[in-house]
Amino acid sequence: MRMGWHQQEADEAIKKLRSSIKGLTPDEARKRLDEWGPNELKEKEKKPLFMMFLYQFKDFMILILIAAAVISGIIGDLSDTIAIVVIVALNAIIGFVQEYRAEKAMATLKKMAAPFAVVIRSGTPSTVSASDIVPGDVVTLEAGNIVPTDMRLLESAQLKIEEAALTGESMPVEKHIKAIDDASAPLGDRKNMAYKGTLITYGRGTGVVVATGMETELGRIASMLQEEEEVKTPLQKRLLSFEKRLALVVLAICAIIFVIGIIRGEPPMLMLLTAISLAVAAIPEALPAVVTISLAIGAKKMVRQNALIRKLPAVETLGSVTYICSDKTGTLTLNRMTVEELYVDGKFTKATLSPLKSQNPEEPLAPRPYEILMTALALNNDAREDSSGKVIGDPTESAPYSFTKNAGFHKPVLEKEFPRVAEIPFDSERKCMTTFHKVVQDEGPGFNYISFTKGAPDILTGKASDILTSDGLLGVDADAISMANETMASEGLRVLAVGMRRWKELPAEISPLAVESGLTFVGLIGMMDPPREEAKEAIDLCRSAGIFPVMITGDHPITARAIAKRLGIVDDDHKAIITGRELERLPLEELEERVEHIRVYARVAPEQKLKIVKALQDKGHFVAMTGDGVNDAPALKRADIGVAMGITGTDVSKEAGHMILLDDNFATIVKSIKEGRRIFDNIRKFIKYTMTSNSGEIWVIFLAPFLGLPIPLLPIHILWINLVTDGLPGLALSAEPAESGIMNRPPRHPKESIFARGLSTHIIWVGLLMAFATIFTQAWSIKTGHAHWQTMTFTVLCLSQMGHVLAIRSESQSLFTQGLFSNKPLTGAFILTFALQMATIYVPFLQPIFRTEALTFNELMFTLAMSSVVLIAVEIEKMLKRKIANKYLVR
């Protein structure tokens with residue numbers, strides 16, 4: 001059924017649908033219902049809930065942890081088993097809930113359908129279920145109704161439909177019934193069509209149904225939404241690669257240690273338990289918990305910044321974003337039409353709220369152009385205030401109403417002096433609106449009535465015979481007015497012209513032909529939904545952070561360009577702007593060549609938004625897509641992070657998105673990006689900490705036998721260190737504040753390894769240093785005859801890791817500059833871990849469990865000194881980094 005219905009004349013469309021102006025017969029409607037099926041959106045088969053839950057356990061790291069839990073249970077370490085089971089269960093529950101919520105997007109889309117509709121069958125109107133509507137039905141439309149399905153309009157009486165949810169167009173669209181020749185006209189320009197799920201805001205009309213169910217434009221979006229798969233987040237991709245490599249490396253090293261121990265003559269059971277304990281210790285089982293808790297803490301903090309996270313990985317994803325594709329209306333702009341500029345008395349005037357009052361109050365309508373323009377805008381206006389003071393009305397009416405009120409020309413006050421006595425409503429044919437007002441004065445100014453007309457500048461100029469200036473009435477200079485109109489329109493302003501005419505008596509015939517001529521041209525006003533101030537600052541911050549902001553909108557290219565220039569998204573580069581029509585003709589290969597240089601997309605269709613996101617992803621970028629309409633849902637789902645609007649957003653977009661902006665503000669996204677970078681930094685710090693610790697443990701066990709030393713640690717020691725150092729201290733790193741300059745660096749490269757930027761080098765050299773300090777303690781204590789050598793070795797390895805966690809809180813800043821207490825959770829974890837380690841040494845009933853002995857004061861002091869080696873070495877490394885960085889800045 002998909003045809004260019006907007007290209008058809010109304011009677012031609014009816015013929016092709018084998019219908020008539022009286023509609024279908026009931027029998028024919030039933031036949032077509034059997035043929036085409038109900039007018040409903042169909043869902044693909046859902047995954048059973050138990051399968052959705054089991055699916056959460058297929059992650060590679062989760063499988064490793066389950067194996068580690070089983071091994072821990074076999075060797076008797078139930079504490080590790082319980083901890084791992086809790087972590088795995090928590091992650092599975094969170095993943096299940098998020099996937100279940102994502103499935104609701106389709107259900108929410110179905111809610112947009114109208115429950116009932118009035119159809120004409122055999123010439124008789126009747127109310128039917130919207131699901132029973134079929135192609136060829138004639139449907140009546142009235143203000144307040146939801147359009148029940150796609151239709152070609154047959155009649156339009158001042159019909160206006162709000163299509164923002166489908167097209168992104170911020171203003172209600174005035175409809176007509178004329179055929180549109182352009183086959184590739186975007187949905188927003190098909191003004192003779194009405195689409196399923198859109199809202200009728202004004203007027204009435206009738207239409208013939210051209211598509212139902214999944215064949216409608218809303219149905220196409222539903223199909224895209226169900227077909228589109230969510231992509232893995234940067235963190236998920238990095239951790240998956242990390243986990244697989246880690247498992248192979250750990251298993252290989254543990255096998256080597258076991259074989260070497262057997263060759264050296266160590267007891268097989270001891271070596272087996274040592275190898276297994278080392279394998280369990282080397283797997284960072286706290287990593288999923290750290291990731292989850294870091295993301296949850298970040299999500300809680302972001303709610304206070306007006307960003308609600310629906311899917312936890314989205315928090316970190318923000319930190320990897322390289323492109324933000326943002327809707328214009330309400331996100332980059334205020335979503336409030338505002339008077340921006342006036343053209344009056346032959347001059348342009350920026351709209352201000354300070355009234356230019358007359359010095360002669362006895363002449364309220366003397367030829368003072370500014371005051372007359374303001375009075376006309378206030379009176380020729382159907383906007384009104386409700387009981388709360390909120391302005392109700394069409395945006396092009398409410399903007400002049402608010403502007404004139406704030407400038408001292410309040411409509412209710414002026415109406416006492418100039419009550420409205422007649423009007424000719426606006427219609428799309430003549431593009432004008434006229435109101436008549438009685439002049440209430442004891443001593444009249446020579447006329448008793450005045451009419452104000454506003455409308456399209458080109459139309460109104462043709463109806464004017466003179467122009468009002470501060471020097472009186474002059475002849476109309478149509479070229480000057482046309483040039484002023486073009487200047488304002490080129491700035492993205494929506495321009496209206498205002499004229500007036502004085503009357504001694506109210507004309508007998510109040511019709512457009514009789515009264516809308518011989519006008520006095522008063523002036524022009526330019527309106528715009530202006531950009532947010534904070535959005536411009538946020539875009540500047542994006543640039544310093546290496547992020548490219550892109551505007552994707554359903555609005556006109558001129559409007560989009562004007563807003564983008566004011567925000568700093570584009571300059572005068574015409575190649576940086578493309579329309580939906582150009583995009584449609586562009587081959588995918590050419591789009592991928594140009595996509596990194598395009599900054600504004602105007603008049604785009606839903607599938608084109610999806611195409612843009614895919615093209616950027618194909619070029620290796622991580623894309624954040626903002627949106628509020630149904631048309632945004634497939635792209636929101638496909639994007640690396642979909643950002644839905646909380647105030648203006650449809651429920652469909654919210655369900656499809658990963659996060660919701662509670663204030664619909666672009667600046668909030670940038671704050672969230674900063675939080676995402678902080679969270680990834682902290683997860684990376686945990687990996688640096690835990691893998692360096694595990695590296696140290698492996699080096700100790702691996703190297704000691706080669707140096708002729710006995711196995712330095714027992715299995716219980718390895719498992720204990722793993723328990724107390726990986727847990728609380730690692731989790732406390734998630735509370736670390738953001739590093740200075742976090743938004744002055746480019747995003748991480750999407751394909752960058754989690755071990756990049758020196759992390760792997762740090763793990764190796766600090767792990768070796770930790771092993772050196774531990775083995776040196778073992779060798780020295782054995783050589784000097786200290787019977788407590790194993791307890792000393794055990795303590796040095798444990799406390800070295802605690803010194804390390806303090807040192808890596810910042811990549812470059814000194815611990816002593818940061819302050820020991822600037823991360824209170826970590827300070828608490830350090831103190832608790834130190835106390836627990838001392839308990840294993842000095843609490844008598846714990847000594848046989850951990851095979852430890854009480855250390856003398858001198859032994860303890862030596863142990864603490866050796867434990868500080870790692871902390872001191874890492875602080876020296878950071879000092880060298882700062883010096884190199886400063887030298888680079890000086891150059």
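Asp 382 is partly exposed, with a relative accessible area of 42%, where buried means under 20% relative accessible area, exposed over 50% and partly exposed in between (1.4 Å probe, protein chains only). The model is predicted, with residues numbered from 1 along each chain as its sequence is written; local features require pLDDT of at least 70 and side-chain atom pairs pLDDT 80 or more, whereas totals for chains, interfaces and linings use all residues. Side-chain values rest on heavy atoms, with hydrogens and water left out.

Asp 382 forms a salt bridge with Arg 420, their closest N and O atoms being 2.9 Å apart; a salt bridge is defined as a side-chain nitrogen of Lys or Arg within 4 Å of a carboxyl oxygen of Asp or Glu. This pair links distant parts of the chain, 38 residues apart: Asp 382 belongs to the loop between helix H13 (369-379) and strand S12 (384-385), and Arg 420 to strand S14 (residues 420-427). Helices (H or I, at least four residues) and strands (E, at least two) are DSSP runs, numbered from the N terminus. Arg 420 is also partly exposed, its relative accessible area being 24%.

In the whole structure, 32 salt bridges are found. One of these joins Glu 811 to Lys 688, with an N to O distance of 3.5 Å. Here too distant parts of the chain are linked, with Glu 811 in the loop between H30 and helix H31 (815-818) and Lys 688 in helix H26 (residues 666-703), 123 residues apart. Glu 811 is partly exposed at 28% relative accessible area, whereas Lys 688 is buried at 7%. Both residues take part in a network of salt bridges that links Arg 684, Lys 688, Glu 811 and Lys 881. A local pair is formed by Arg 220 and Glu 217, whose closest N and O atoms are 3.0 Å apart. Arg 220 and Glu 217 are separated by about one helical turn, because they are three residues apart in helix H8 (residues 217-227). An α-helix has 3.6 residues a turn, so residues three or four places apart point the same way. Arg 220 is partly exposed, with a relative accessible area of 28%, while Glu 217 is buried at 8%.

Overall, the protein contains 35 helices and 26 strands, and 55% of its 891 residues count as buried. Of the contacts between residues at least 6 apart in sequence, 73% join residues at least 24 apart, contact meaning heavy atoms within 4.5 Å. The largest nonpolar core comprises 72 residues, of which Ile 324, Met 551, Ile 569, Met 659 and Phe 666 touch the most other members. Such a core is a set of buried Ala, Val, Leu, Ile, Met, Phe, Trp, Tyr and Cys residues joined through side-chain atoms within 4.5 Å. H26 gives the most to this core, contributing 10 residues. Another core, of 48 residues, lies apart from it and includes Ala 222, Ile 578, Leu 583 and Ala 635. In soluble globular proteins, nonpolar side chains tend to be buried together.

Residues up to four places away in sequence aside, the contacts of Met 551 include Ala 560, Ile 563, Ala 564 and Leu 567. Just after H20, Gly 568 adopts a positive phi of about 90°. Asp 572, in the loop between H20 and strand S22 (577-579), is exposed at 57% relative accessibility.

Val 344 is located in strand S10 (residues 338-344) and is buried, with a relative accessible area of 6%. Beyond neighbours within four places in sequence, Val 344 contacts Thr 349, Pro 369, Tyr 370, Leu 373 and Val 522.

Helix H30 (residues 789-807) packs against helix H34 (residues 857-867) at an angle of about 35°, with the axes 8 Å apart. Axes are lines fitted to C-alpha atoms, for helices over the stretch in contact, and angles run from 0 to 180 degrees between N-to-C directions. The contact involves Met 792, Thr 795, Val 796, Leu 799 and Ser 800 of H30, together with Glu 859, Phe 862, Thr 863, Leu 864, Met 866 and Ser 867 of H34.
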